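These are my notebook entries on a single chain fold. I set down what I looked up, topic by topic.

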Amino acid sequence: MEFEPDRPRWQQIAEVLRQRITTGEYPPKHLVSEVQLVQEFGVARDTIRKAIRQLRDEGLIYTVPNLGSFVSPPGEVSPEGT
């Protein structure tokens, strides 16, 4: 992926992940692997974590400690949202 120089990379990655979730490429309960995303996008892990945090704040992803981040099922409130 070629990043736009005038926008933070984490925002651009969040857009890509959001699109993958909304199109069903990442189905509900799909593991969103930080390690794989770091390799795919060639960015630091903190950048990926910022993108995931944004999507978690939007309710598209939920995180289970020691297990990882997963795509939220449609219409369900994630544990962080309660």
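Predicted model: local features only at pLDDT ≥ 70, side-chain atom pairs only at ≥ 80, totals over all residues.

I take helices (H or I, at least four residues) and strands (E, at least two) as DSSP runs, numbered from the N terminus. Residues are numbered from 1 along each chain as its sequence is written, and side-chain values use heavy atoms, without hydrogens and water.

Entry 1: helix α2.
I call a residue buried under 20% relative accessible area, exposed over 50%, and partly exposed in between (1.4 Å probe, protein chains only). I looked up which residues of α2 (residues 34-41) are buried, and found Glu-34, Leu-37 and Phe-41. They lie on the same side of α2 because they cover an arc of only 60 degrees around the axis; the arc is that of the directions from the helix axis to the C-beta atoms. An α-helix has 3.6 residues a turn, so residues three or four places apart point the same way. Gln-36 and Gln-39, on the other side of α2, are exposed. I then checked what covers the buried residues of α2, with contact meaning heavy atoms within 4.5 Å; the cover includes α1 (9-23), β1 (31-32) and α3 (45-57). Just after α2, I noted that Gly-42 has a positive phi of about 65 degrees.

Entry 2: the core.
I define a nonpolar core as a set of buried Ala, Val, Leu, Ile, Met, Phe, Trp, Tyr and Cys residues joined through side-chain atoms within 4.5 Å. The largest has 16 residues, of which Ile-13, Tyr-26, Val-32, Leu-37, Phe-41 and Ile-48 touch the most other members. α1, α2 and α3 are the elements that give two or more residues to this core. Leaving out residues up to four places away in sequence, I list Ile-13, Glu-34, Leu-37, Val-38, Phe-41 and Val-43 as touching Ile-48.

I count two strands as paired if DSSP finds at least two bridges between them. β2 and β3 run antiparallel and are joined by 4 bridges, with Tyr-62 opposite Phe-70 in β3. The two strands β2 and β3 form a hairpin with 3 residues between them.
Most residues other than glycine have a negative phi. Which residue in the turn has a positive phi? I found Asn-66, at about 70 degrees; Asn-66 is exposed, with a relative accessible area of 82%.
Lys-29 also has a positive phi, near 70 degrees. Lys-29 is in the loop between α1 and β1 and counts as exposed at 55% relative accessibility.
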